[in-house]
Amino acid sequence: VMTESIPPVITIILPDGIVPTNSVNLSVTSNEAVKNCVYKLDSAANVSFGSGTSTLHSTIFNANDGAHSINVTCFDTSNNLGSAVKSFSVDTTIPAISNTSLDVGITNSTSVFDTQVNANSTIMIGTVSGVYTRTINSTSFVNVHSINIDALISATNYFYQIKVCAQNTLCTTSAEQTFTTLNADGTDSTAPVISGVNSGNI
């Protein structure tokens, strides 16, 4: 009786790239039904996963932030061993916005801010609080950001939020902020705030 001796082809679908959580999904496929799958994370001991004989096995494991390697081995129904290795990283860092400043002009404004990790950025802006009719995107992953907002109306009050997303897909959105563009002649259009006045001062 001849025994089939071709090993199964194992493919690790997940994890892949940068994982934004310490709870990591492991998903493995094969070109034929396999059983008795085990995974080995870095130098840790083998862990059995999956159940029965199937072309798809999955589980969830925990991994600390940092770079990792996972090795998966499975047997087919003829006890041929197939394996696959994949590298990935875990990064649960949430980007934070700091050092914000705003340079306001007549019909434009430039928002400058930092993030502690490389991130892309988006400005959402409108003339009504909470209603943002425009978005300006910067797709570059940097930690020093400068976004120009053009085509504004002079002497107009605007509301805006900043959203940043790191390469691990985790995002932060700032609280709503406001500014008023300059008058057409370049003078400040913001009304003065008078305080500390009572009837005894008049």
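Colleague: Is C171 buried or partly exposed?
Modeller: C171 is partly exposed, because its relative accessible area is 35%. Buried means under 20%, exposed over 50%, and partly exposed in between, with a 1.4 Å probe and protein chains only. This is a predicted model: local features need pLDDT of at least 70, side-chain atom pairs count only at pLDDT 80 or more, and totals for chains, interfaces and linings use all residues. Residues are numbered from 1 along each chain as its sequence is written, and side-chain values use heavy atoms, leaving out hydrogens and water.
Colleague: What does C171 form with C165?
Modeller: A disulfide, with the sulfur atoms of C165 and C171 2.0 Å apart. The term means a pair of cysteine sulfur atoms within 2.5 Å. C165 is buried, at 14%.
Colleague: How many disulfides does the structure hold?
Modeller: Two. C37 and C74 form a disulfide too.
Colleague: Where do C37 and C74 lie?
Modeller: C37 is in strand β3 and C74 in strand β6 (residues 66-76), so the pair ties together parts 37 residues apart in sequence. Strands (E, at least two residues) are DSSP runs, numbered from the N terminus.
Colleague: Now the rings. How many aromatic pairs are there?
Modeller: Five. Rings of Phe, Tyr and Trp (its six-membered ring) pair if their centres lie within 6.5 Å; planes under 30 degrees apart are stacked, over 60 edge-to-face, the rest tilted. One of the pairs is Y39 and F61, tilted, at 5.3 Å and 35 degrees.
Colleague: Which residues do ring pairs link into a cluster?
Modeller: Y39, F49, F61 and F88.

Notes: Helix = DSSP H or I, 4+ residues; strand = E, 2+ residues; numbered from the N terminus.
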